[in-house]
Amino acid sequence: MKKRIFLVALLGIAIVAGLVLIQNAQAHGPRGWGGYGGWGCPMGGYGMGPGMMGRGYGPQYGPQYGPPYGEYQKPMGKSDAEGILKNHLDSLRNPNLKVGKIEDRGDVFEADIVTKDGSLVDRLLVDKNTGWVRSVY
């Protein structure tokens, strides 16, 4: 009798655990836990993909960005860097900031971020090959 009760209880626990796993898989999507894909990483440890700076891994992840791996990509021009910087400032949602002068420094563009009255706030570098933005300081 005790053996039968134990087996029924074990079966009940297994069913509940399976239902919880199925519910979590449906709630968190195909790539695991935490929003986009898991463990606090926007792509869930899958690397770069749509919406990021690199190519995705196939049509199941939406449109592909950038040239195929190993294909030569022409470095960006000054107007492209200015567009990236304007998008960066728009994402900060501070109406008092604007892009100042932009200078070519070899592999990067160096740009001043200024207030509406012309005071220097920061200097940013935009990599010509990757489009990455970082502060000089």
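What share of the contacts in the protein chain with a separation of 6 or more is accounted for by residues 24 or more positions apart? In this predicted model, such residues account for 20% of those contacts. The protein chain has 137 residues, of which 21% are buried, and its mean pLDDT is 75, with 63% of residues reaching 70 or more.

**Confidence**

- Over residues 32-40 the pLDDT is below 50, although the model still gives this stretch 13 contacts beyond near neighbours in sequence.
- Residues 42-57 likewise have a pLDDT that stays under 50, and for them the model has 34 contacts beyond four places in sequence.

**Overall architecture**

- The protein chain contains two helices and four strands, and read from the N terminus its elements follow the order α-α-β-β-β-β.

**The largest nonpolar core**

- In soluble globular proteins, nonpolar side chains tend to be buried together.
- The largest nonpolar core of this model has twelve residues, namely M76, A81, L85, L89, L97, V99, I102, F109, A111, I113, L124 and V126.
- At least two residues of this core come from each of α2 (78-92), β1 (97-104), β2 (108-115) and β3 (120-127).
- M76, itself a member of the core, is in contact with A81, I84, F109, V126, D127, K128 and G131 when its neighbours within four places in sequence are left aside.

**K128, a buried lysine in a loop**

- K128 is located in the loop that lies between β3 and β4 (133-135).
- With a relative accessibility of 13%, K128 counts as buried, because the term applies under 20% relative accessible area.
- Not counting residues up to four places away in sequence, K128 touches P75, M76, D104, G106, D107, V108 and F109, and two of these partners, M76 and F109, are listed among the residues of the largest nonpolar core.

Conventions: Residues numbered from 1 in each chain as written. Predicted model: local features only at pLDDT ≥ 70, side-chain atom pairs only at ≥ 80, totals over all residues. Heavy atoms only, no water. pLDDT = per-residue confidence, 0-100. Contact = heavy atoms within 4.5 Å. Core = buried A, V, L, I, M, F, W, Y, C linked by side-chain atoms within 4.5 Å. Buried < 20%, exposed > 50% of the residue type's maximum accessible area, 1.4 Å probe, protein only.
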